[in-house]
Amino acid sequence: MLTTTLLLLALSSTPAAPGAQATKAAAPAEEKVEFDKHYLVLLKRAPNAPKMEPDALQKLQGEHLAHLNRMGESGKMVLAGPFDEQDDVGMRGACIYRTATKQEARQLAEQDPMVKAGRMQVEVLAWYTEKGYLAFPKAPPAEAPKPPRK
């Protein structure tokens, strides 16, 4: 929480131009920083993951990859990939979801066959980035918000 607060404070501050003197009267108006919100889904090895025969595990891995492909094709997930060279080998990978709510991202991520089989578990975090800094050119465009029903 402290890291998030510090990050938001750092992103919202505007540095003075080089050589400019900071005075109250001459201070530029603060620029409003806008953020995009995504959901970062961490895939972690489940603590009591069931043991599986190699053939069954290979089949499950294929189902896992097919699930990730479906999520990508739907436009709900814009990026996914495994981790390597990490200190915590229980951390297996991450996905970035573009959904309306954290609950929707969790629900979609928990449909992963690896999660359903008890081999992985998910952790979902709301992730803010400064507007315009992230682009996902290979992901389908986000759905336009639907107007409220009357």
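Predicted model: local features only at pLDDT ≥ 70, side-chain atom pairs only at ≥ 80, totals over all residues.
Four of them make up an open sheet, lined up in the order 2-3-1-4 with antiparallel pairing. Strand 2 (77-82) and strand 4 sit at the edges, each pairing on one side only. On average, and ignoring direction, neighbouring strands here are turned by 20° against each other.

Take a look at where strand 1 meets strand 4: eleven bridges join the two in the antiparallel sense. Helix 3 lies across strand 1, strand 3 and strand 4, and runs at about 140° to strand 4.

In soluble globular proteins, nonpolar side chains tend to be buried together. Here, the largest nonpolar core has 17 residues, and the ones touching the most other members are Val 41, Leu 43, Met 77, Cys 95, Tyr 97, Val 122 and Val 124. At least two core residues come from each of strand 1 (35-45), helix 2 (54-74), strand 3 (91-97), helix 3 (102-109), helix 4 (113-116) and strand 4 (120-130).

Met 77 is a handy one to click on. Setting aside neighbours within four places in sequence, Met 77 is in contact with Leu 68, Met 71, Gly 72, Cys 95, Ile 96 and Tyr 97.

## The largest pocket

The largest pocket holds about 350 Å³ of space. Its lining has 18 residues, with Gln 61, His 64, Pro 82, Arg 92 and Met 120 nearest the centre.

Strand 1, helix 2, strand 2 and strand 3 each give at least two residues to that lining. Helix 2 has the largest share, with five residues.

Technical notes
Residues numbered from 1 in each chain as written. Heavy atoms only, no water. Core = buried A, V, L, I, M, F, W, Y, C linked by side-chain atoms within 4.5 Å. Buried < 20%, exposed > 50% of the residue type's maximum accessible area, 1.4 Å probe, protein only. Helix = DSSP H or I, 4+ residues; strand = E, 2+ residues; numbered from the N terminus. Contact = heavy atoms within 4.5 Å. Pairing = 2+ DSSP bridges. Axes fitted to C-alpha atoms, helices over the stretch in contact; angles between N-to-C directions. 1 Å grid on protein atoms, 1.4 Å probe; cavity = no way out; pocket = protein on both sides within 12 Å on 5 of 7 lines; lining within 4 Å. Points joined across faces, edges and corners; volume = space filled by probe spheres on them.
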